[in-house]
Every structure is written in C-alpha cells, then in structure tokens.
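Open the structure in your viewer and get ready to select residues by number. Each stop below tells you what to pick and what is there.

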Amino acid sequence: MARSSKKAKYDKDEIMVLEFDGGEKLEAGIMGAFDVNGTMYVALENLKDGDVYLYRYLETEDGFTMEDIPDEDYDEVQKQFDAIMNAK
C-alpha cells in the first residue's frame, strides 16, 4: 500500500466502493490509471485516511476488473506510481 501526500476531492463518478474478503468495505477515489511495461494499473485513494491501493486493471466485455498485483511486480509498480506522484 502506498501513501498519498494529501487527500484529493473526487466527483461522485470518481468514487467506488472496495469490498474485501472479510466483508469490509471502503470508499475510494479513483486517482488514475497508468501503464507499467504494457500492463495497466489503477491507483485508488481511501477517502478516510489517504492510503493508496494499487491494482492491476483489466478491461472486460462487461466493463473492467481489478486484480491484486503479483508480489514480483509490486515494487516496480509502486516505484512508477511514486514517480508519477512526485512529478505533480
């Protein structure tokens, strides 16, 4: 999990609810999508505490799905996310 330097304001259509395995739900703002080595990822900011969740983003016939990032890829994805955030 990454950390955002500040909580942003999101429009209603930029907010989604994440539901975890244990049934926990949290609202997250869609910070944006980015490419790392030909694979798309999405950054979501927890609206309560500013924590950032990174997921692999895949388009499907029904819309999209998000998957956990494999451990072997996570460091590179987080490094690219940090570079994007530091450039702003």
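Buried means under 20% relative accessible area, exposed means over 50%, and partly exposed lies in between. Keep in mind that this is a predicted model.

**Stop 1**

Select Arg56. Is Arg56 buried or exposed? Its relative accessibility is 18%, so Arg56 counts as buried.

The side chains of Arg56 and Glu67 meet in a salt bridge, 4.0 Å from N to O. Glu67 sits in strand 6 (residues 63–67) and Arg56 in strand 5, so this pair ties together parts that are 11 residues apart in sequence. Glu67 has 34% relative accessibility, so it counts as partly exposed.

Which residue does Asp73 meet in a salt bridge? The partner is Arg56 again, at 3.4 Å from N to O. Arg56 is in strand 5 and Asp73 is in helix 1, so the pair ties together parts that are 17 residues apart in sequence. Asp73 is partly exposed, with a relative accessible area of 27%.

Keep the three selected. Arg56, Glu67 and Asp73 are linked in a network of salt bridges. The count of salt bridges comes to 2. Why can such pairs form? Side chains of opposite charge can pair when their charged atoms come close.

**Stop 2: a charged patch**

Clear the selection. Pick Asp71, Glu72, Asp75 and Glu76. What do they form on the surface? They gather in a patch of negative charge. Zoom in on Glu76, which belongs to helix 1 (residues 71–87). Glu76 has 32% relative accessibility, so it counts as partly exposed.

**Stop 3: aromatic rings**

Turn to the rings. How many aromatic pairs does a search of the whole structure find? It finds 4.

Start with Phe20 and Tyr53. Their ring centres are 6.0 Å apart and their planes are at 45°, so the pair is tilted. Phe20 lies in the loop between strand 2 (15–19) and strand 3 (25–36), while Tyr53 lies in strand 5 (residues 51–60), so the pair ties together parts that are 33 residues apart in sequence. Check the cover on each one. Phe20 is partly exposed, with a relative accessible area of 25%. Tyr53 has 16% relative accessibility, so it counts as buried.

Move on to Phe34 and Tyr41. The ring centres of Phe34 and Tyr41 are 6.1 Å apart and the planes are at 35°, so this pair is tilted. Are Phe34 and Tyr41 buried or exposed? Both Phe34 and Tyr41 are buried. Ring pairs link Phe34, Tyr41 and Phe81 into a cluster.

**Stop 4: Asn37**

Finish at Asn37. Where does Asn37 lie? Look in the loop between strand 3 and strand 4 (39–46). Asn37 has 71% relative accessibility, so it counts as exposed. Compare that with Arg56 from the opening stop, which counts as buried at 18%.

Methods
Residues are numbered from 1 along each chain as its sequence is written. This is a predicted model: local features need pLDDT of at least 70, side-chain atom pairs count only at pLDDT 80 or more; totals for chains, interfaces and linings use all residues. Side-chain values use heavy atoms; hydrogens and water are left out. Patches are made of residues with over 30% relative accessible area and no salt bridge: like charges are joined within 9 Å, nonpolar side chains (Val, Leu, Ile, Met, Phe, Trp, Tyr) within 5 Å. Accessible areas come from the Shrake-Rupley method with a 1.4 Å probe; for residues, only the protein chains shown count as cover. Lys and Arg count as positive and Asp and Glu as negative; His and the chain ends are not counted. The place of a charge is taken as NZ of Lys, CZ of Arg, CG of Asp or CD of Glu. Helices (H or I, at least four residues) and strands (E, at least two) are DSSP runs, numbered from the N terminus. Buried means under 20% relative accessible area, exposed over 50%, partly exposed in between (1.4 Å probe, protein chains only). Rings of Phe, Tyr and Trp (its six-membered ring) pair if their centres lie within 6.5 Å; planes under 30 degrees apart count as stacked, over 60 as edge-to-face and the rest as tilted.
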